[in-house]
Every structure is written in structure tokens, then in C-alpha cells.
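Open your viewer, load the model and keep the selection tool at hand. We will go from stop to stop, picking residues and looking at what surrounds them.

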Amino acid sequence: MTGGNLLTDQPALYEARFPDPERLAARWTEDCLRRHGAGPRVLDMGCGTGRDAAHLHGAGRTVTGADLSEAMLAHARAHHPGPRYVRADLHGFCLGSFDAVVCLDSSLLYCHTNDQLDGFLASCRHALAPGGLLVAELRNGAYFLGRTDLLDRPAVDAFTWRGRTYRSRTTLTVDRTAQLLRRTRVWTTDDGSPPLPQHSAWRLLFPRELRHFLAAHGFEVLELHDGPGPRTEPPWRAGESPGATADGDRLHLVARLQTH
């Protein structure tokens, strides 16, 4: 193993580690878009390998997938064709006009500072047509108020891909000063390679805080709840209605850009 990011630098390995054969995240997103009458033009911000963008394209939408990782974008173009794929930074982007911006799998939480979050929401505001939607799925900062179950012990996992076994040991810590959830993940393999430590972090946003930022940028919150969703347990199933609480470890957001 080498430096960089093991999974995002190797998109096929990423998909092996996080399989989604039923395209649950994309189907949940399409359900949100349909229920709230979104138009066909969709920007998938932080599209990763392109699986969700391609599913939305297959549902009849005109999709642009955007990501910072050139490796992810190359994989998306080769393996999940249909959408237009472009390189962009979610902290500030100008990619055209859309009826919906989608931001899944906590991508929004890579806005670590208030300025970065303002930059993302301002870019969404400029990108969206009047009445356009922002749909996001992310960790819930409020879950960590008084709860330590995700922090108490490292999470250990293993999977095999192309005859090679990858093992990970993941530790989460809360940086209260920066309001970040920091992750240290150490990878090992069965071929004698030295351990590979990798570090990342997500902004811990609280539901009322998120509502405040959205209102400041002209958005009306239509849904903000802890499930069911594509990464909840049990996961969302077609036809299920959105919840009414925001206590679990995931948040599911649908907000409309106000027209006045």
C-alpha cells in the first residue's frame, strides 16, 4: 500500500468496500425529488464513483456529477456513464443551472468552517432555479450529545477484493473546539505491507444550526429527520414516509429555495 487515500484513490476498491447493489441512496433521493416535484436537472455534488448519479440519469433526469477526485471522476465516466462528470469543489462552484442539488453520504460535512458552509449554500442558491431543491444525507451532530457508543472502542472490519484481504481499525474522536468528528483509520493487508494510517473529519452540525444556515441563504426546510434513510437501521423502503424526529445518527434534509 502507498500514501494518499486508499479508497478514494482506488474507486473500484471503494465500491467493493461499500457495495450498494440496490442503489438505495439513489432511490431514496429520487423518491425525495419526486415527492417534492423537482424538475429534471440535477447536480450530484460529491458524486464519488458515480453510482447514484447514473441511477438518477436512468430515472430520466439530466445529471451532472461533481467531485474533487480525478480518480473518482475517471471511474464514473468509464463505469457509470450517462451523466456529465466535472471536477469541482463543494466549498464554491459555478456549474450551471439546476432544479436540484444532491449531496449524499455526509459530503456536506466536508465544509468544516462556517465560511465553507456559507460558500456551499451560496453556490447552491446561485445554481438552483426558483423553487429548486437541496437534498442531503449526513451524520447528525446532535447524536453525540451524551452518547459515546460510536466513540468508546475502535471499529474493526475486513473485506477481500481480488484475492487480497484488507483490514481496517477505525477510531472516532470528537474535537469539540473545532466542532469536528475526527476519524483515524489504519489499513493493513495480508501481503506484509506496512500499516497505512489515514485521517479525515466531518463537521458536526446540529439540526437547529443547520436550519439557521439554510434560512440565512433563502431556503425553506421541508424535511429534516433522522430516518428512515439509506443508511439507517432498518433502511428506508420504497413508500415509507419521512420521520418527525432528529435524534438518530443520520440526518435527512430536503429544503426548497424560496422564490421571494
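## Stop one: aromatic pairs

Select Phe-144 to begin: this residue is buried, with a relative accessible area of 12% (buried means under 20% relative accessible area, exposed over 50%, and partly exposed in between, with a 1.4 Å probe and protein chains only). A word on what you are viewing: this is a predicted model, in which local features need pLDDT of at least 70 and side-chain atom pairs count only at pLDDT 80 or more, while totals for chains, interfaces and linings use all residues. Residues are numbered from 1 along each chain as its sequence is written, and side-chain values use heavy atoms, with hydrogens and water left out.

How many aromatic pairs does the structure hold? There are five, where rings of Phe, Tyr and Trp (its six-membered ring) pair if their centres lie within 6.5 Å; planes under 30 degrees apart count as stacked, over 60 as edge-to-face and the rest as tilted. Select Tyr-14 and Phe-18 for one of them: the ring centres are 5.1 Å apart and the planes meet at 55 degrees, so this pair is tilted. Tyr-14 is buried at 18%, whereas Phe-18 is partly exposed at 28%. Back at Tyr-143 and Phe-144, the centres are 5.8 Å apart with the planes at 85 degrees, so that pair is edge-to-face.

Next, pick Phe-159, Tyr-166 and Trp-187, which ring pairs link into a cluster. Then move to Trp-202 and show Arg-139: the charged end of Arg-139 sits over the Trp-202 ring, 5.0 Å from its centre (NZ of Lys or CZ of Arg must be within 6 Å of the ring centre and within 35 degrees of the ring normal).

## Stop two: a hairpin

Colour β6 (residues 155–161) and β7 (residues 164–175), two antiparallel strands joined by seven bridges. Strands (E, at least two residues) and helices (H or I, at least four) are DSSP runs, numbered from the N terminus, and two strands pair if DSSP finds at least two bridges between them. Trp-161 stands opposite Arg-164 in β7. The two strands form a hairpin with two residues between them, and Arg-162 in the turn has a positive phi of about 50 degrees.

## Stop three: helix α2

Select residues 24–35. Helix α2 has 12 residues and reaches 16 Å from its first C-alpha to its last, close to the 16 Å expected at 1.5 Å a residue (the expected span is 1.5 Å times one less than the number of residues). Its buried residues include Trp-28, Glu-30 and Cys-32. What do the buried residues of α2 pack against? Show β1 (41–45), α3 (51–58), β4 (98–103), β5 (128–139) and β11 to see these partners. After α2 comes Gly-37, with a positive phi near 70 degrees.

## Stop four: a loop and the cysteines

Thr-245 lies in the loop between β10 (219–225) and β11 (250–257) and is partly exposed at 45%. Beyond its neighbours within four places in sequence, Thr-245 contacts Leu-224, His-225 and Asp-226 (contact means heavy atoms within 4.5 Å).

Finally, display the cysteines: the whole structure has zero disulfides (pairs of cysteine sulfur atoms within 2.5 Å). For Cys-94, the nearest cysteine sulfur, that of Cys-124, is 12 Å away. Cys-94 is exposed at 76%, while Cys-124 is buried at 0%.
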